[in-house]
Amino acid sequence: VIYFIFLSIKKNLNCFRYFVELRHFFWYNLYNLRKRALWDKDSMSAFLLRKNIFTKGKGEQMKAFLILEDGTVFTGTSIGSTKDMISEIVFNTSMTGYLEVLTDPSYAGQAVVMTYPLIGNYGITPDMESLKAWPDGYIVRELSRMPSNFRCEGTIQDFLKKYDIPGIAGVDTRALTKILREKGTMNGMITTNENYDLDEVISKLKNYKVEGVVSKVTCEEKYVLEGTGKKVALLDLGAKKNIAKSLNDRGCEVTVYPADTTADEIIASNPDGIMLSNGPGDPAECTSIIKEIKKLYETDIPIFAICLGHQLMALATGGTTYKLKYGHRGGNHPVKDLQTGRVYISSQNHGYVVDEDKIDPNVAVPAFKNVNDGTNEGLAYVGKNIFTVQFHPEACPGPQDSGYLFDRFLEMMGGEK
């Protein structure tokens, strides 16, 4: 240990920084020592090299560039994959939960800017919302390359490489977010090519469009989470794992169906209730799914819909949606229950909303409203056991503020809390 401390001092006078990183090494390994019998200089050296503690000399990190549709260029360092990427650039204001963001299928077709300045300090843990990462790209101010958490299973850097996701660190995310807030969400490119042609890149960016993402994120075949309570059919439009888990924890038997499943198949299974999940992309693009949801609406089966499911139910019953200037993405969005007047802190991830002014009051009435900008956050359907919300009650930002909505759904199905 003294030898490595000496090397770090010799290479860089910033001794305190490396002392902290070496301390993190020991804490990191306390949890893993039960799995590894070795703790010698070879294993330590390999660990330090893998974490880039002694390989961060000048010029050793690859440059990366973030090019926006308006011609703005940010320069930083490459993280994750080094391939070129074109995607819609969106920002998320969450201070924690970066792994849940990375594994949320609703981010398919988008590159995510994390506004919180330090990302990755607790590494990769088991808290994943799906089996893989979904964003096209990842943009951060500072990436922690030495995570410290007893549940840590790896670094974000390795995680991004594993799923071939390019990213960029060292970007002024405050300035970038300000651009996106003032000019609206726009397309962008992450590249490591220093000889890029700006005019050619901007032309490609203007032609890019997010399309067909629901079919990419839905499950390939139906599966069942066993339970002894009510039978729920969950239509997977890009469902986060915790939606099914929230139902399963309440005793429900949850059957998860692919997004292209017909309404007839779901109805034939005789479920006690139907759940329409979250998902990515423009809801108006999902024309075939909307037709099937219309058939589900015409039954008397209780229905609870979240996020994209909320939007598709509105479209299926004659409503319309529109794109927000920069969307709602974060874990601190206040929503008001219009029935009780109570305000809840919610987790949100959407770029489109239901146009409340175009809703037929004989079909549905507003149930929730966003306190920040007044947009619709939920609907209650007249004469039907159907209610829908734009936010994510399963995401625990409050942490359990809106979990009662699953209990309400259970009551609609004739069950107990």
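A residue is called buried when its relative accessible area is under 20%, exposed when it is over 50%, and partly exposed in between (1.4 Å probe, protein chains only). The model is predicted, so local features need pLDDT of at least 70 and side-chain atom pairs count only at pLDDT 80 or more, while totals for chains, interfaces and linings use all residues. Residues are numbered from 1 along each chain as its sequence is written, and side-chain values use heavy atoms, with hydrogens and water left out.

The tour looks for salt bridges, each a side-chain nitrogen of Lys or Arg within 4 Å of a carboxyl oxygen of Asp or Glu. The count by this rule is 13. Helices (H or I, at least four residues) and strands (E, at least two) are DSSP runs, numbered from the N terminus.

**Stop one.** Select Lys245 and Asp249. They form a salt bridge, with 2.9 Å between the closest N and O atoms. Asp249 is exposed, at 54% relative accessible area, whereas Lys245 is partly exposed, at 42%.

**Stop two.** Select Lys369 and Glu356. Their closest N and O atoms are 3.4 Å apart, in a salt bridge. This pair links distant parts of the chain, 13 residues apart: Lys369 is in strand 17 (residues 364–370), and Glu356 is in the loop between strand 16 (343–354) and strand 17. Lys369 is partly exposed at 28% relative accessibility, and Glu356 is partly exposed at 24%.

**Stop three.** Select Lys183 and Asp70. Here the salt bridge has its closest N and O atoms 2.8 Å apart. Lys183 is exposed, at 55% relative accessibility; Asp70 is partly exposed, at 32%.

**Stop four.** Select Arg329, in strand 15 (residues 321–337). Next show Tyr326: the side chain of Arg329 reaches the backbone oxygen of Tyr326 at 3.1 Å. Last, show the contacts of Arg329 (heavy atoms within 4.5 Å). Leaving out residues up to four places away in sequence, Arg329 touches several residues, among them Val90, Phe91, Tyr107, Gln348 and His350.

Key: Polar contact = N/O pair within 3.5 Å; in protein donor to acceptor, adjacent residues only side chain to side chain.
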